[in-house]
Amino acid sequence: MKIGDKSSIQIQSIGTFEIFEGVTPAAIEWLIDHSEYRLYEDEEQIFLPNQQVDHMLLVVEGRYALRMQQGNEFKDLGEWGAGYTTGLLPFSRMKFSTAYGIALEPLKILALPSNCFTEMVNVSYAMVQNLVAVMSNRIKSFTELRLQDEKLMSLGKLSAGLAHELNNPASALVRGAEELYDKIHQTPERFKSVITMRVTPEETDALNEVLFTKTATISPKKELTLLQRESLKDDILDWLDDNGITQGDDIAETFLDADLSIADLEKMKAAVHGKDLEPIFWWVESTLSLEGLVKEIRESADRIGKLVKSVKSYTHMDQSQGWQATDLHEGIRSTLTMLKHALKEKNIHLVKDLATEMPLVVMHPGEINQVWTNLIDNALDAMQTGGVLTIHTSVQKGKAVVNIIDNGTGIPEEIRMKIFDPFFTTKAIGKGTGMGLEITRRIVLQHHGDIKVKSKPGETIFTVCIPLDRH
């Protein structure tokens with residue numbers, strides 16, 4: 001930085017700046033006289049993060065960028081040029097800068113020390129009013145920009161997870177439909193071979209008794225290891241081979257999936273009184289396959305339906321967006337559904353300890369769901385693979401209390417007081433804007449609630465309390 005000659009500044013040229021609207025030339029001259037004229041080269045730093053702010057900076061000529069460090073990367077927050085005012089403004093409570101100011105070209109700045117602000121009120125009240133308006137507009141536009149970034153980032157995470165969740169049942173639907181098509185086209189020939197066997201109604205009833213007893217079973221099948229499954233399949237193949245059924249691999253696989261045992265095969269053999277088993281068993285295999293495919297398609301369609309329902313519940317897009325008595329637990333469940341992919345990706349063990357009797361809570365459902373999203377997402381980021389996430393709810397003194405607990409690394413004591421500050425983040429570029437917890441806190445306060453955090457290595461607890469009735 002160099003100090004320039006202020007005599008080169010033309011009052012007429014800078015008098016068109018927004019902050020000088022309605023300000024007399026004498027007041028503009030006073031500002032120039034009491035300011036330091038600073039000259040910066042291209043890419044030179046104007047200010048640094050955590051640097052004490054004690055000057056108002058008015059860009060006379062050139063452009064500069066505001067850059068924020070996140071992790072090992074830098075993110076540009078915007079560019080400004082001649083007429084823009086930054087640094088400390090009258091009545092501002094700003095003490096330290098939060099980002100880097102970098103000159104993008106040769107830059108000329110008037111730097112007015114803060115000890116001149118009181119005198120400025122007497123010199124030109126109009127200038128002070130303009131500066132206060134500039135500060136107000138800057139806070140509003142900057143906050144809106146960061147809020148939009150945070151919402152887009154949150155939406156991106158949810159969309160990626162939802163797309164992954166939808167892909168599995170959608171793929172299963174397509175695969176099931178294709179297999180069902182193939183099976184249906186195999187059925188006529190196999191049905192014809194059964195008809196020519198002249199199976200009696202009594203034999204058919206006996207076969208159906210074995211067959212549909214299995215398909216109607218409600219109790220869950222025992223999970224088999226790979227070795228157990230291969231051993232049982234070999235037993236079925238041996239039985240099929242002993243009974244003159246060739247190329248029985250598909251039959252064995254289907255019978256195994258249907259939990260048919262050797263004893264069940266013996267019952268079906270006895271039911272047909274010595275008739276050729278091969279066409280009968282192929283017909284049974286086809287029947288069981290069709291049953292399984294229809295079940296898989298139905299379950300996949302049901303899964304998609306539940307996901308869509310969770311999206312509607314999460315966004316409340318089919319309901320009024322005003323205050324309404326809402327099931328708090330439904331919002332938590334739909335949020336967990338939206339983040340299910342992230343839970344599975346890190347193999348997180350989820351513990352839901354929800355109050356058995358939780359009254360409806362008067363709130364903005366969509367906004368409160370954003371609270372759960374931000375807190376759960378942060379918890380997932382803090383945990384290693386295989387971590388434990390606990391959601392605990394209760395009712396205490398007329399308030400709904402939600403504890404979100406993770407067994408991650410914890411929040412260091414030196415930054416614990418900063419985590420709710422705007423733009424504070426420890427995440428890398430593209431993974432956080434520093435607005436998530438600030439938004440969370442603001443939403444909770446709008447609901448006349450409060451949010452607290454306790455943290456130590458291995459346990460972090462965010463506690464949200466919301467009055468059951470906002471009045």
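What follows is a walk through the predicted model shown above, from the whole chain down to single residues.

Let us start with the overall picture. The protein chain has 471 residues, of which 43% count as buried. Its secondary structure consists of 14 helices and 16 strands. If you look at contacts in the chain with a separation of 6 or more, 78% of them are between residues 24 or more positions apart. The accessible surface of the chain comes to about 25700 Å², and carbon and sulfur atoms contribute 53% of that.

Now turn to the sheet that includes the start of the chain. Strands of a sheet pair through backbone hydrogen bonds, in either a parallel or an antiparallel way. Here five strands form an open sheet in the order β1-β2-β9-β4-β7, and the pairing is antiparallel. At its edges sit β1 (2–3) and β7 (85–87), each of which pairs on one side only. Further in, β4 (residues 55–61) and β9 (residues 107–113) are joined in the antiparallel sense by six bridges. If you want a landmark for that pairing, take His55, whose bridge partner in β9 is Pro113. Helix α2 (residues 25–34) lies across β2 (36–40), β4 and β9, and runs at about 95° to β9.

Another pair of strands is worth a look. Strand β3 (residues 45–47) pairs with β8 in the antiparallel sense, over two bridges, and Gln45 stands opposite Ile102 of β8. Which way do the residues of β8 (residues 100–103) point? Tyr100 and Ile102 point one way, while Gly101 and Ala103 point the other way. All of these residues are buried.

In helix α7 (residues 249–257), the buried residues are Ile251, Ala252, Thr254, Phe255 and Leu256. After α7 comes Asp259, which has a positive phi, near 65°. Helix α10 (residues 328–338) is mostly covered, with nine of its eleven residues buried. The buried set takes in Leu328, His329, Gly331, Ile332, Ser334, Thr335, Leu336, Thr337 and Met338. At the start of α10, Asp327 places a side-chain oxygen within 3.0 Å of the backbone nitrogen of His329.

Is Gly386 buried or partly exposed? Its relative accessible area is 40%, so Gly386 counts as partly exposed, a class that lies between the cut-offs of 20% and 50%. Beyond its neighbours within four places in sequence, Gly386 is in contact with Lys346, Asn347 and Ile348. Gly386 and Leu343 are 43 residues apart in sequence, yet their C-alpha atoms lie 9.4 Å apart in space.

With β11 (residues 349–353), β13 pairs in the parallel sense over five bridges; here Asp353 has His392 as its bridge partner. With β14 (residues 399–406), β13 runs antiparallel, and eight bridges join the two. In that pairing, Ile391 stands opposite Ile404 of β14. Two residues lie between the strands of the β13 and β14 hairpin, where Lys397 takes a positive phi near 50°.

To finish, let us zoom in on Ser394, which is found in β13. Why does Ser394 count as buried? Its relative accessible area is 14%, and buried means under 20%, so Ser394 falls in that class. The side chain of Ser394 makes a polar contact of 3.1 Å with the side chain of Gln396. Leaving out neighbours within four places in sequence, the residues in contact with Ser394 are Ala355, Met358, Lys399, Ala400 and Val401. Among them, Lys399 and Ala400 take us back to β14 (residues 399–406), the antiparallel partner of β13.

Conventions: Residues are numbered from 1 along each chain as its sequence is written. This is a predicted model: local features need pLDDT of at least 70, side-chain atom pairs count only at pLDDT 80 or more; totals for chains, interfaces and linings use all residues. Side-chain values use heavy atoms; hydrogens and water are left out. Two strands pair if DSSP finds at least two bridges between them. Helices (H or I, at least four residues) and strands (E, at least two) are DSSP runs, numbered from the N terminus. Buried means under 20% relative accessible area, exposed over 50%, partly exposed in between (1.4 Å probe, protein chains only). A polar contact is a pair of N or O atoms within 3.5 Å; within protein, one must be able to donate a hydrogen and the other to accept it, and residues adjacent in sequence count only if both atoms are side-chain atoms. Contact means heavy atoms within 4.5 Å. Axes are lines fitted to C-alpha atoms, for helices over the stretch in contact, and angles run from 0 to 180 degrees between N-to-C directions. Accessible areas come from the Shrake-Rupley method with a 1.4 Å probe; for residues, only the protein chains shown count as cover.
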